[in-house]
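This report concerns selected local features of a single protein model. Please consult the sequence and the three-dimensional view below before reading on.

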Amino acid sequence: MLALDVAAYASPWRRRHPAEKALLALGLLGCALLLPPWPGALVVGLTAAVALLGPAALPPRLLVRAARTPLLFILTGSVPMLVAVSGPTRVRWAPEGLATAAATAGRACAALLCLLLFAATTPLADVLPRLQRLGVPSAVTEVAALIYRMLFLLLESVHAVRQAQAARLGYRTWASTYRSLAGQAGAVFVRAFSLARRWEEGLALRGYTGSLAVRTEVRQPSVAFLATTVLLLAAVVLATRLLVALG
């Protein structure tokens with residue numbers, strides 16, 4: 001998660017307006033959901049992957065790291081579709097399950113790449129203030145921003161506690177590993193409450209009135225980028241339709 005956020009700040013598309021990248025990522029996501037799973041999911045997934053590794057310049061190793069955990073959930077979620085339960089204790093192989101599982105996994109993988117395309121090029125700090133301008137309540141965006149910030153602080157705490165425990169041979173045996181994990185959970189829990197209390201006191205001392213003023217850089221959407229995105233989405237739809245027609 002931290003590496004993906006760092007990649008978003010270092011992306012060549014960092015200076016682009018979030019609406020441009022949202023149109024591309026969400027447009028491809030819509031194609032992945034609405035077009036036939038074969039070959040629509042393949043065309044959309046390849047398009048998103050090429051955009052990630054090409055113009056967006058996301059390192060392949062980071063793409064694999066960011067996608068491996070969601071891919072594991074997709075795999076485990078597709079396996080039950082291969083079987084059918086016909087009685088209290090009878091489980092049989094579903095002949096139509098393989099096609100259903102493949103279609104579902106294909107759509108999910110394509111959608112995952114589309115979401116990574118937006119997440120790896122657009123920091124959340126660029127999105128939340130603009131969501132408020134679109135009518136999202138300020139309480140929602142501010143809570144999201146605070147939770148997002150706290151996640152990184154807690155991840156740093158987990159890393160520091162784990163390093164300290166490892167230096168003290170806290171993971172040498174199974175028993176010591178269980179004790180270390182329990183201590184780690186307790187330390188992070190206390191740390192979370194401490195951070196929340198300090199943030200509340202800091203906001204009160206600064207005269208918080210229910211709204212956090214955040215200054216965002218003024219950017220104008222690129223007409224050329226938007227036009228290219230529309231043409232690309234049209235090309236994805238036409239390519240899918242052509243492949244379906246060819247069989």
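The model is predicted: local features require pLDDT of at least 70, side-chain atom pairs count only at pLDDT 80 or more, and totals for chains, interfaces and linings use all residues. Residues are numbered from 1 along each chain as its sequence is written, and side-chain values use heavy atoms, with hydrogens and water left out.

**Ring contacts**

Rings of Phe, Tyr and Trp (its six-membered ring) are paired if their centres lie within 6.5 Å; planes under 30 degrees apart count as stacked, over 60 as edge-to-face and the rest as tilted. By this rule there are three aromatic pairs. One of them joins Trp13 and Phe225 in an edge-to-face arrangement. Because Trp13 lies in the loop between α1 (2-10) and α2 (18-34) and Phe225 in helix α9 (residues 223-246), the pair ties together parts that are 212 residues apart in sequence. Helices (H or I, at least four residues) and strands (E, at least two) are DSSP runs numbered from the N terminus. Both Trp13 and Phe225 are buried, where buried means under 20% relative accessible area, exposed over 50%, and partly exposed in between (1.4 Å probe, protein chains only).

A charge is placed over a ring if NZ of Lys or CZ of Arg is within 6 Å of the ring centre and within 35 degrees of the ring normal. Arg162 lies over the face of Tyr171.

**Loop residue Ser11**

Ser11 also belongs to the loop between α1 and α2. Is Ser11 buried or exposed? Its relative accessibility is 8%, so Ser11 counts as buried. Leaving aside residues up to four places away in sequence, Ser11 touches Ala56, Ala120 and Thr121; contact means heavy atoms within 4.5 Å.

**Helix α6**

In helix α6 (residues 124-133), the residues Asp126, Val127, Leu128, Pro129 and Arg130 are buried. Their cover includes α2, α5 (97-119) and α7 (138-167). Just after α6, Gly135 adopts a positive phi of about 110 degrees.

**Strand residue Val83**

Val83 is located in strand β1. With a relative accessible area of 38%, Val83 is partly exposed.
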